[in-house]
Amino acid sequence: MAAVSLRLGDLVWGKLGRYPPWPGKIVNPPKDLKKPRGKKCFFVKFFGTEDHAWIKVEQLKPYHAHKEEMIKINKGKRFQQAVDAVEEFLRRAKGKDQDLTIPESSTVKGMMAGPMASFKWQPTASEPVKDADPHFHHFLLSQTEKPAVCYQAITKKLKVCEEETGSTSIQAADSTAVNGSVTPTDKKIGFLGLGLMGSGIVSNLLKMGHTVTVWNRTAEKEGARLGRTPAEVVSTCDITFACVSDPKAAKDLVLGPSGVLQGIRPGKCYVDMSTVDADTVTELAQVIVSRGGRFLEAPVSGNQQLSNDGMLVILAAGDRGLYEDCSSCFQAMGKTSFFLGEVGNAAKMMLIVNMVQGSFMATIAEGLTLAQVTGQSQQTLLDILNQGQLASIFLDQKCQNILQGNFKPDFYLKYIQKDLRLAIALGDAVNHPTPMAAAANEVYKRAKALDQSDNDMSAVYRAYIH
């Protein structure tokens with residue numbers, strides 16, 4: 001689009017990520033908030049929210065010139081409330097240029113001063129414009145605090161250095177810069193496993209200036225330069241993280257041929273971020289420590305989008321000193337972390353969290369199908385839920401997946417079923433009933449039988465309609 005002259009005080013439409021264009025005003029940023037380097041951008045205060053972000057100039061359009069266009073493509077209630085707020089502002093201003101006040105907050109002060117990811121302006125047929133999330137501010141601030149890059153583009157955006165060992169050490173091209181308040185550790189970082197979660201985690205480690213050596217067990221992984229073996233990565237790095245799919249994969253990675261254990265020697269550190277059962281993680285901890293290594297379990301709560309945004313929740317247990325050594329890495333990949341004590345505690349907590357999430361997803365699918373068969377509007381049901389106590393990013397995103405028939409995986413259905421199975425086993429081990437999880441597990445098993453394993457967990461909906 002042609003360049004548009006914008007200035008302080010202008011009303012604009014700002015486009016950020018997968019969310020629809022949103023009305024805002026160009027304002028002065030807080031004094032302690034640095035302007036991102038690179039392309040020209042403006043600090044925008046959004047109407048109808050308490051949100052604010054640096055937006056690239058090419059992602060901005062004048063409010064008045066494009067008002068009719070934007071209203072046509074977005075009919076959401078929250079969007080309309082934001083437009084009403086603009087109109088109220090204009091009525092009160094009576095043609096005078098009045099500034100919006102920007103509230104000082106610890107969130108604003110902690111914003112990243114790095115470049116924003118590039119975004120497409122026009123929605124496509126496969127990505128229809130949708131109403132903003134009830135927690136739209138969470139997404140806005142996650143983009144400014146933790147800018148992420150698509151891992152498939154890493155080889156284009158980052159400098160790749162071949163080590164003498166043959167493993168691939170990837171370093172951010174601008175690694176001399178310290179991003180925000182995160183000072184990258186001087187320890188050499190390894191990462192094993194570049195699936196939905198691992199790719200986003202590695203991208204954010206790189207973005208924050210860490211040097212990372214990577215290996216992936218699937219040779220066909222697009223966009224990744226691979227090390228030769230897990231043992232090689234561990235032997236050349238100080239701290240090696242791993243994130244794989246299930247207990248078997250976690251054990252094979254450590255105990256298999258050219259596995260992690262072969263690279264462990266005194267002082268080497270291994271952090272397993274996989275979601276597995278407590279028995280598995282305890283076994284892995286024992287063999288690592290028996291070789292003089294240090295061990296930490298650190299499964300993560302989140303999905304692919306949160307991984308890409310660097311907004312995961314990290315649950316850690318094991319070596320407390322290693323947990324502290326991982327501080328800059330955890331800050332790069334997550335919004336918060338919890339240390340839960342001895343090995344096994346994080347695995348148990350993670351399974352409980354995912355048990356609740358998986359059961360909730362099955363209940364959402366059950367409610368939407370019941371609405372359909374009783375002649376009720378599924379969209380209206382979502383609107384009602386979004387105005388009540390259950391309103392959440394998770395609820396809105398998963399319902400939108402179902403309503404749009406888009407089950408592109410953000411969290412694989414087969415993995416949430418695996419976590420439900422492990423959570424039920426955890427309950428059995430202590431003679432604690434888990435009837436709700438058991439019922440949900442049966443629905444996911446039916447969905448798997450319908451070939452939904454590699455779709456998003458929201459595809460459990462299809463178990464109810466077939």
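Predicted model: local features only at pLDDT ≥ 70, side-chain atom pairs only at ≥ 80, totals over all residues.
User: What angle do helix 14 and helix 18 pack at?
Analyst: About 60°, with the axes 9 Å apart. Helix 14 covers residues 345-373 and helix 18 covers residues 435-449.

User: Is helix 14 parallel or oblique to helix 18?
Analyst: Oblique, because the angle is about 60°. Angles under 35 degrees would count as roughly parallel.

User: Left-handed or right-handed crossing?
Analyst: Helix 14 and helix 18 cross in a left-handed way.

User: Which residues make the contact?
Analyst: On helix 14, they are Met355, Gly358, Ser359, Met361 and Ala362. Helix 18 brings Met436, Ala437, Ala440 and Tyr444.

User: How many of those are nonpolar, polar or charged?
Analyst: The contact between helix 14 and helix 18 has 7 nonpolar residues and 2 polar ones, with no charged residues.

User: New topic. How many residues are in the largest nonpolar core?
Analyst: There are 31 residues in that core. Phe191, Leu205, Phe241, Val271, Met273, Phe330 and Met333 have the most contacts inside it.

User: Which elements give two or more residues to it?
Analyst: Among them are strand 8 (189-192), strand 10 (239-242), helix 6 (196-207) and helix 13 (327-333). Helix 6 gives the most to this core, namely 5 residues.

User: And what is Met333 in contact with?
Analyst: Setting aside neighbours within four places in sequence, Met333 is in contact with several residues, including Ile201, Leu205, Phe241, Met273 and Ile314.

User: What about a second core?
Analyst: A separate core has 30 residues, among them Ile416, Ala447, Ala459 and Ala463.

Definitions and conventions: Residues numbered from 1 in each chain as written. Heavy atoms only, no water. Axes fitted to C-alpha atoms, helices over the stretch in contact; angles between N-to-C directions. Helix = DSSP H or I, 4+ residues; strand = E, 2+ residues; numbered from the N terminus. Parallel < 35°, antiparallel > 145°, perpendicular 65-115°, else oblique. Left-handed = near helix turned anticlockwise from the far one by under 90°. Contact = heavy atoms within 4.5 Å. Nonpolar A, V, L, I, M, F, W, Y, C, P; charged D, E, K, R; others polar. Core = buried A, V, L, I, M, F, W, Y, C linked by side-chain atoms within 4.5 Å. Buried < 20%, exposed > 50% of the residue type's maximum accessible area, 1.4 Å probe, protein only.
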